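Hi,

Here is the structure I said I would pass on. Have a look at it first, and then read my notes below.

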Amino acid sequence: MENRLIIFDTTLRDGEQSPGASMTQDEKLRIAKALERMRVDVIEAGFPAASQGDFEAVRAVAHLIKESTVCGLARALKEDIDRAGESLAGSNSARIHTFIATSPIHMKAKLRMDSDQVLDYAIRAIQRAKKYTDNIEFSPEDAGRSEIDFLCRIIEAVIKAGANTINIPDTVGYNFPDQFGKLISTLIERVPNSDKAIFSVHCHNDLGLAVANSLTAVINGARQVECTINGLGERAGNAALEEITMAVRTRRDLFSCDTRIDATQIVPTSRLVSGITGFPVQPNKAIVGANAFAHESGIHQDGVLKERETYEIMRAEDVGWYTNRMVLGKHSGRNAFKSRLHDLGIDLKTEDLNTTFQKFKELADKKHEIYDEDLQALVTDTHLTVENERFKLLYLRAISEIGEIPRSSVTLSVDGVEHQAESIGSGPVDATYKAIDFILKHEVKLTLYSVNNITSGTDSQGEVTVRLEKDGRIVNGQGSDTDIVIASAKAYVNAFNKILNPISKNYPQV
């Protein structure tokens, strides 16, 4: 185990806590399969006590995944522990991850408990979790701002009670690398039974130091890192799985351990998560950004042509940039289509397969070559229908001419009744959104409008993400089409369906 770094992915739990990044059960299953294909060690599938939907999603992931450990999060409460245990029943390999705050400010202001009470809750939670599994993880929430003596005391106690993974979270992204690394080494040295558990870290990115803190912790003895695809997560996000994996693998001179991650799956999984959540990957994002392996400077280009390693410390192919790019076209049959989806980890029900295949044929008539990214977008588009969908886009005609004011005509189905409106705007998208606003008559604030191409070329599908806010609630809407105005309308209507269908959840902080 000394040479093995465990990758604990929490995209489905902490990643989903990004404002507007909620996922359906089917979407979570698609991401879980991609994580399994990437050979992630532990998949934190959710927080079962948050809602019935979260419980069902964790249970579905637990039954689907065979090669990775599936984990459920629980507060140090009997009800949460039982809910997590029930959701994981039937899993090939299950873990319960329980937590309670240990910093003075959290214990006093949030929990209204003293240290002895917190210690008692932690021990009882571990003992309760042992009813369901021997694989138990404990996190002292806000450990980065906790008193070292109390941390040592509670960690020793929970290991004695049965916890075999101790996760040290920098819950609010407050720590600096030297400070955090020293905390990990001190805990390992001072806790008498530290050798009976694997030490883990979970770092948030509020100061942009999540990856740096995590890597310093590994150098100082941590052997599990909790991270997410694309660094997704609440506030500024978490440590990015792709950066942790490739940093450890690239700098073997500094790290005495390695992960078992199949790095060729990194880029496909990054794109899958981006498409499902509606959070585009910035072009200059390390490893998975569009510019990560691009060279503009003539000096750089000359150097790379002569010897790749002059300016590239990794091969693009190693992280999946040029792999899995089987091209389909309008002459491809249903079996080839279904087979390629299966290779991408997507197995659709017959009804969904028929719908997606029809959309594939329609897309193939518009563009000559269809790539894996197009297929992922088609599947996502098929599953964009939200529960209790009230609004559907039936018709759209937008006109834009030089010297003329753009206008748009829209027909929507609202609770089964057709409504039509026309409007003008500063552009075809603006006119379309004003027409939709006229029909729906709901006060919302558009806080984000983002357009990205799914593949290269002028015939690429456009993927539009919009973010709406209403009474403090934030949702993302998505839509894709080769016509960017239609994609924009789809995204806007999708967001309206979500924001008018409120879902109540409890979100934990770890």
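In which loop is the place of Lys-441? Lys-441 sits in the loop between α15 (428-440) and β12. The helix and strand names are DSSP runs numbered from the N terminus (helices are H or I with at least four residues, strands are E with at least two).

Before you go on, please keep in mind that this is a predicted model, where local features need pLDDT of at least 70, side-chain atom pairs count only at pLDDT 80 or more, and totals for chains, interfaces and linings use all residues. Residues are numbered from 1 along each chain as its sequence is written, and side-chain values use heavy atoms, with hydrogens and water left out.

Back to Lys-441. Its phi is positive, about 55°, although Lys-441 is not a glycine. (Buried means under 20% relative accessible area, exposed over 50%, and partly exposed in between, with a 1.4 Å probe and protein chains only.)

There is another residue of this kind, Ile-287, with a positive phi of about 70°. You will find Ile-287 in the loop between α10 (266-277) and α11 (298-306). Ile-287 is buried, with a relative accessible area of 8%.

Now for α15, the helix that Lys-441 follows. (The expected span is 1.5 Å times one less than the number of residues.) Buried residues in α15 include Val-429, Thr-432, Tyr-433, Ile-436 and Leu-440. An α-helix has 3.6 residues a turn, so residues three or four places apart point the same way. The buried residues of α15 pack against β9 (391-399), β10 (407-414), β11 (417-424), β12, β13 and α16; contact here means heavy atoms within 4.5 Å.

Some of those strands belong to an open sheet of three, in the order β12-β13-β14, with antiparallel pairing. (Two strands pair if DSSP finds at least two bridges between them.) The edge strands are β12 (445-453) and β14 (473-481), each pairing on one side only. Between β13 (residues 462-470) and β14 there are nine bridges, and Leu-468 has Val-475 in β14 as its bridge partner.

Finally, helix α16 (residues 484-499) lies across β12, β13 and β14 and runs at about 150° to β14. (Axes are lines fitted to C-alpha atoms, for helices over the stretch in contact, and angles run from 0 to 180 degrees between N-to-C directions.)

Cheers
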